[in-house]
Amino acid sequence: MNLSPQSFLFEVTSVFTIAGRGICVEGLDHTQLDCVKKGDFVELRHPDGSVCRAEIAAVSYFQTYAKPRPPIEARSFPILLPPSLTTTDVPVGTTVWLVE
């Protein structure tokens, strides 16, 4: 899957902090895993209309699930954003867009 600049990636469904690493936002679809990487920039469009940009610190390809593991189509993958952001900076419902 090729994404163009200003491509919609996902709507944040979950957000949490990883101490010392940053905040983890979840919602990336399995078909987009090869389209984003560490160092890419994303635009975060908040439900209140405000916008900010952030650099992706990491993309997670693995998750731990209770057995049985759901099919890959039903999974949501996280990206890690820098520790300068907090969970209140990226509320659930924020949309994430890939930017140049």
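Colleague: Which residue does the side chain of Arg53 meet in a salt bridge?

Modeller: This is a predicted model. In it, the N to O distance for the pair is 3.8 Å, and the cut-off is within 4 Å. The pair links distant parts of the chain, with Arg53 in strand β5 (residues 51–55) and its partner in strand β4, 10 residues apart. That partner is Glu43.

Colleague: Which residues do salt bridges with shared partners join into one network?

Modeller: Arg53 and Glu43 form one link. Glu43 also meets Arg45, at 2.7 Å from N to O. The network is therefore made up of Glu43, Arg45 and Arg53.

Colleague: Is Glu43 buried or exposed?

Modeller: The cut-off for burial is under 20% relative accessible area. Glu43 has 11% relative accessibility. Glu43, by contrast, counts as buried.

Colleague: What is the bridge partner of Glu43 in β8?

Modeller: Strand β4 (residues 41–45) pairs with β8 in the antiparallel sense, over 5 bridges. Within β8, the residue that partners Glu43 is Trp97.

Colleague: Which residue of β8 is the bridge partner of Phe8?

Modeller: Strand β1 (residues 7–11) runs antiparallel to β8, and 4 bridges join them. Glu43 has Trp97 as its bridge partner in β8. For Phe8, the partner in β8 is likewise Trp97.

Colleague: Why is strand β8 largely enclosed by the rest of the structure, and how many of its residues are buried?

Modeller: In a regular strand the side chains alternate between the two faces of the sheet. In β8, Thr95, Trp97 and Val99 point one way, Val96 and Leu98 the other way, and all are buried. The strand, residues 95–99, is largely enclosed because its buried residues number 5 of the 5.

Colleague: What is the N to O distance in the salt bridge of Asp40 and Lys37?

Modeller: The structure holds 3 salt bridges, and this pair is one of them. Asp40 is buried, with a relative accessible area of 13%. From N to O, its salt bridge with Lys37 spans 3.0 Å.

Colleague: How many disulfides does a search of the whole structure find?

Modeller: A disulfide is a covalent bond between the sulfur atoms of two cysteines. The cysteines here include Cys24, buried at 6% relative accessibility, and Cys52, partly exposed at 21%. A pair would need its sulfur atoms within 2.5 Å. Across the whole structure, the number of disulfides found is 0.

Notes: Residues are numbered from 1 along each chain as its sequence is written. This is a predicted model: local features need pLDDT of at least 70, side-chain atom pairs count only at pLDDT 80 or more; totals for chains, interfaces and linings use all residues. Side-chain values use heavy atoms; hydrogens and water are left out. Buried means under 20% relative accessible area, exposed over 50%, partly exposed in between (1.4 Å probe, protein chains only). Helices (H or I, at least four residues) and strands (E, at least two) are DSSP runs, numbered from the N terminus. Two strands pair if DSSP finds at least two bridges between them.
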